[in-house]
Amino acid sequence: MARWGLVIDLDRCTGCQACVVACKHENNVPFSTPETARGGRLMTWLQLVAADLPGRPTASALPLMCQQCDRPPCTDVCPTSATYLNPEGIVAQIYPRCIGCRYCTNACPYAVKVFNWTAPDWPDAMAPMRNPDVSLRPKGVVETCTFCHHRLIAARERARAAGREIAPDDYVPACVATCPAEAMVFGDLSDPHSEVAALAGSPRAFRWMEELGTQPKVIYLREGE
Amino acid sequence: MSDAHEAVIQPILTIGPVFRRWAVALGAVVAWAAIAWSWQLWHGLGATNLGRPIYWGLYITNFVFFIGVSHAGTLISAILRIVQAEWRRPITRMAEVITVLVLFFGVGNVVLDLGRPDRALNVILHPHFRSPLLWDVSSITVYLTASSIYLYLPLIPDIARLRDRTSGWRGRLYRRLAIGWSGTPRQWQRLERAIGVMAVLVIPIAVSVHTVVSWVFAMTIQPMWHSTIFGPYFVVGAIFSGIAAIITAMAIVRRVYHLERYLRPEHFSNLGLLLLVMTCLWFYFTFAEYLTTWYGHEPRELAVFNAKLSGPFAPLFWMMFVSCFVVPFVILANPRTRTIAGTVVASISVNVGMWLERFTIVVPSLSNPRAPVLTFMYRPSWVEWSLMAGCFAAFALLYMGFTKVFPIISMWELEAAAPVPVRPVVAAPLPMGVRP
Amino acid sequence: MSDNLTRRDFLLYGGATIAGVTLGELGRRTLAAADARAAAWPSRGVETWATTVCRECAGGCGVRVRLMDGVPVKLEGNPLCPVARGKLCAKGQAAIESYYDPDRLVGPARRTARSGQPAWTRLTSTEAIALAAERLRQAIATPAGIVVLAADERGPLADAWTRFWRAANARLAWTPMPTAARLGPRLEVLTGAQGDPVFDLERATYVLSFGAPIVEDWLSGVWTQRSFGRFRRGSGHARGRLVQIDSRRSATARKADEWLAATVEQQVILAYGVASVLLRENRVDRAKLEPLAGNFDAFERQVTTYYTPDNVASATGVPVVTILRLARELASASRPLVAVNADAPAALADAVFTLDALVGAFDRPGGVFAKTGDPVLDRADAVEALRDVAAGRLRPKVLVFGDSSPLRALDAPADASAIAANCDFVISLSPYLDESAAIADFLLPVDVAIESWQAMLPATAVAADLVAVTRPAVPRRLETQDRAALLQSLGTAIGGSVEAACDWRSSEDVVGAELKRLARAARGTPYATTYETNWVRQLESGGWWASPADSEQEFVDRVLTVGGWIDPWFDPNQLTEALHAHGGLAFPIPESPPAVRDVAASPATSEEVALAADVVPAPVEPPRFPLKLFAFTPATVNPAGNLNQPALFELLGQPEGKPWRLWVELNPETAAQQDIANGAAVRITSAHASIDAVAVHVTGLPPETAALSFVPGGPTDGRWARLVGPDVRQLWGEDPASRPCAVRIARS
């Protein structure tokens, strides 16, 4: 079984935030307003944060999404197993089961889980641009990056229809697909021949806050020489 | 039929204008809270001022506070019963009622805090036992059951006494609740035994409840939540706020129902001494908790520490420190100020302080997350304040209602007491103890 | 007592039960229905993809539109397009929000109240065209009776636009786009090569950038982003080193290995300072320069005399050691490149190209090439034309706005009313009620990019000839017009030479003609497979080859399907050839030593005089406006397009965690004097206005300066544009916004 992982080369990343927009459109993440954003209600599965990383004089711009931990602190604390680690290592969320207690959001050290404070709202004119592959979340539930899991399902279907195995290029999350600086690489960490596996072994590779024992499957490559 | 405890029974059977006025006022607050809650149900938790990363606020603070206060009762009365402190007799019922009623508001605040209260039962339908929240559900359920039984058992003889002198709806109610109590020696023997068992049983349950509540926080790896002493620290805080709540309730009941004969200065003094002990214990735990954080100098922990001691939460933190330690210690350590008025002031101060303590545990850690995401200054919305006011008002209303249905002082226990004068329970070891 | 229920009790309890059950059930049903809606959502439709071209900037990235049951849901890069190669920037993706923009103009309209509250009346397109044609016919006879402003573009459709208005005797002007074409004239002055410079960032190993917004939006956004990634961590060479010389800590400065704070004027001095060190220390390849020397000797003499490191250091504040080090690093790098922003002033562009010449970057991999052959853009600037109108020097009978908002580039918002007052009639073709459209008398909205036929020449980034050509990717959503068809209808209504100029009926005809031309040219190929593979195939077959299509129709269909045509053959020696023909390099020769002068050299206000005098002991009274404020538009905002895109506003102020906010960057020490914490709300006050912003501490920013982000949006741009903050241009009052503005900043 594949272990999906994402490598982000911070030296290549320009902080252009194309991935942020791609994620927003792909996953039907609702828009904010200045007021809601200021009150911590900005809905985003992927955003740029200024992180102080060891060895850098100033804060680096870090694309931050669910780190898809192998030992996720969020799934342990969920009282209803609405969030759980699926067999392929993706931290999944069963929206109709979530009771909205927000314990997972508080347990996550990366603060990447977001809560639907209100019912998601699009202007009527914009409703058609929602992606039918991704379910709309009702108010009162928690959501987070799924590594565009729907793309995996679609890729599997396509591969099955073509009567072949799923190939590395078949399944790529929206953020990786759009990254203009080619800073993001996605693939199967358990495949020793994959590009992600090779990059994850780079001396520049680190997992953010791995000292907490979360074992993330998002791997960053350090900026600088 | 006249009664030796007519002073206890009379307030049950008569409802005066003062009671009505208070009931209407508190009822209005509760009604307002009901409107606020409907508003929140309709708009979702967007009606609060919570946001990322401050996902928990006033409701969870109230939850922890109410669960803490619930230790008032059962735990205190059970301990005093087990150690056979004779002076406990007039106050146990008062304490037990607080426990049972306040637990509903503890649980209720969790429901208020849910994004999907309609799915609350998923906790039972799809339980995940690795979640401390499920431990909470389990232990609070057990505690609520146990303390309800523990409240009910000693009520039976008193209910039977009321049954015998009422008719109408009261008569029907008391008849059902008295479950055929006729005061035979066999019944008395069974009752004493059941009470004894429950008193022993309820103590570990009560300790577990607040320990588990603390573990909701301590089991995460968030800075200043992830602490090994949180269990005992929360239990101590709970007993602390519980005793303070009893004293406050005692003073009110004494004043309103003119029960000066039953609730004597010695009771206040004794409970005051207990409160003093808890004040010192609370200080010890707080000091230990903050000293280790500060000395350890772990940056993320220190960020929360600084936010509390010198940052945006400093006013709340120092207000908490003053009202949880300085005020009660100064008042209670001095026998001359350990009067009824003194202990009541100290108790109110402790209750305010303990609420602030819960707030400064919940919110500052969330306001300073490890990840550098946008944070903001959390100020609860009108809905949150309204619901909090509603909870307190509803609690007071229910407590008042209880006094109009059941005797707030356990009559049979008073009668069963040996005719010895009330003695201070911890007089000897303390130099400033009250002389009998 | 009785256990019987009274009737009253029965009604009470029964009623309460029914009410409770009903209310509970209603609530449960509402929630269950909401859940069912959410659960029923993933109804998979039929997925199709259509090709189009991004028009958010001049880069010409190929775009794939994902359609579910024919409804567009997402934009992605076209993997066949050599510019985009399957990638797309934030702005490019947000273009779908422009298509769905709830505040887009729904169709033609005319203003019914010229002053006060705008009131509009809808028109049918027939009425609208007849009315507009009437106005235009009256204006044609007058010289400069019609002034036409549009975004600067290259390609057959833009040519058709130009032909039409020239036939109508219109005065044409364009809103310049920040493309390499703008640097072409400067390259020509130095080398004689008529064409656009091509910066080979990807293969460079060391980049000295004079304000080039490399990681933001340089020349061709997606192309540059990819080149930067490969420059940093490409295979085949060591990690590229970037030194950014910029007036503020831009995103590029943040990414750079070293950032030097210098204003544009100081950057020129610094460039010559580096040149002078290269020459003094003999770090230029004289053997290579010799045959192309031109006026090299004179240049060397003057530069080494005037731009000594000491002079440069005192004029720029950059220490002598740093200047020496920069020059030595530049000279010792294997493939150094000196880069500059497209809208740099001529002096800076000249200095940068001079440095490129000295380090041997011309016609060298990882250096600068020239791409000749594209039409030279020597076009009137729309901003100048607007200033003329605002000042009353130009009083057109009809003012026509194309599909962009040239008013955004103006300094003062007050100009808008002056422009409206000095024109008899204003027509806007913009699909949005932007700042320019808001002063129009007549709205004739045209299709947005993904609804349109397209044929454009992407801004020079690729060293190849290419044309991005597509048919509409999605059906028209509102009552908008095809631009060429609109022109044709107007032409028919006007008659005469204007009608004759329209040899098309719609954009489809213009695009079709272009495709036929490409087919007949018998070279190049439709975009094919991935760009890299194609390139190898081209090399293998030795350059050009006839397009593989069997028939013209097959070729046309193929190009429209894949989204463009490319001829990757490129002569990498065009600069050298031009230099030989031109008689060598024509260096700009400095005539005097660098002036130690203050950057805020706008005609002196008393405050600024006080500012300039920091050599003199501190004045007794502190100046009222002690800070020099620069304004900049964040890279995620597109001043040339629709501003009403919420996804992009959320990107503002990131990664500092200030979404939707305007922020002002301050030196931490300057901020500390005012007790302004990082992230604190501040009020910026100039002599003209005051606005609110959020402070961001930036170490290394000169202490007397501040940099303010701004979104050039007006309240009419739409619901989101309205939310994003005050019009920063007010601060400048009547002064040009390109100059720093004297302000004071305090906590609010």
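Why is strand 3 (residues 60–65) of chain A largely enclosed by the rest of the structure? The answer is given in the first legend below, after a short note on the model.

The model is predicted, so local features need pLDDT of at least 70 and side-chain atom pairs count only at pLDDT 80 or more, whereas totals for chains, interfaces and linings use all residues. Residues are numbered from 1 along each chain as its sequence is written, chains are lettered from A and ligands numbered from 1 in the order in which they are written, and side-chain values use heavy atoms, with hydrogens and water left out.

**View 1. Strand 3 of chain A and its partner, strand 2.** Strand 3 of chain A is largely enclosed because 6 of its 6 residues are buried, where buried means under 20% relative accessible area, exposed means over 50%, and partly exposed lies in between (1.4 Å probe, protein chains only). Strands (E, at least two residues) and helices (H or I, at least four) are DSSP runs, numbered from the N terminus. On one side of strand 3 of chain A the buried residues are Ser60(A), Leu62(A) and Leu64(A), and on the other they are Ala61(A), Pro63(A) and Met65(A), which leaves both faces covered. Strand 2 (residues 46–51) of chain A runs antiparallel to strand 3 of chain A and is joined to it by 6 bridges; two strands pair if DSSP finds at least two bridges between them. Within this pairing, Leu46(A) has Met65(A) as its bridge partner.

**View 2. An open sheet of 4 strands in chain A.** The strands of this sheet follow the order 8-1-10-9, and their pairing is mixed. Strand 8 (184–188) and strand 9 (205–206) of chain A stand at the edges with a single partner strand each, so one side of each has no neighbour in the sheet. Strand 1 (residues 4–9) of chain A pairs with strand 8 of chain A over 5 bridges in the antiparallel sense, and Ile8(A) stands opposite Met184(A) of strand 8 of chain A.

**View 3. The loop that holds Met209(A).** Met209(A) is found between strand 9 and strand 10 (218–221) of chain A. Although Met209(A) is not a glycine, its phi is positive, at about 55 degrees, and with 8% relative accessibility Met209(A) counts as buried.

**View 4. Two crossing helices in chain B.** The axes of helix 11 (residues 265–296) and helix 14 (residues 340–367) of chain B come within 10 Å and cross at roughly 35 degrees, the axes being lines fitted to C-alpha atoms, for helices over the stretch in contact, with angles that run from 0 to 180 degrees between N-to-C directions. The crossing of helix 11 and helix 14 of chain B is left-handed, which means that the near helix is turned anticlockwise from the far one by less than a right angle. Helix 11 of chain B brings to this contact residues including Phe268(B), Leu275(B) and Trp282(B), while helix 14 of chain B brings residues including Val344(B), Met354(B) and Glu357(B); contact means heavy atoms within 4.5 Å.

View 5. His297(B) is exposed, with a relative accessible area of 51%.

**View 6. Helix 2 of chain C and what covers it.** Helix 2 (residues 90–99) of chain C is mostly covered, since 10 of its 10 residues are buried, among them Lys91(C), Glu97(C) and Tyr99(C). The cover includes helix 1 (18–26) and helix 6 (174–178) of chain A, together with strand 3 (71–77), helix 6 (214–217) and helix 24 (646–649) of chain C.

**View 7. Thr162(C) in helix 4 of chain C.** Thr162(C) has its place in helix 4 (residues 156–167) of chain C and is buried, with a relative accessible area of 10%. When its neighbours within four places in sequence are left aside, Thr162(C) is in contact with Leu172(C), Trp174(C) and Arg379(C).
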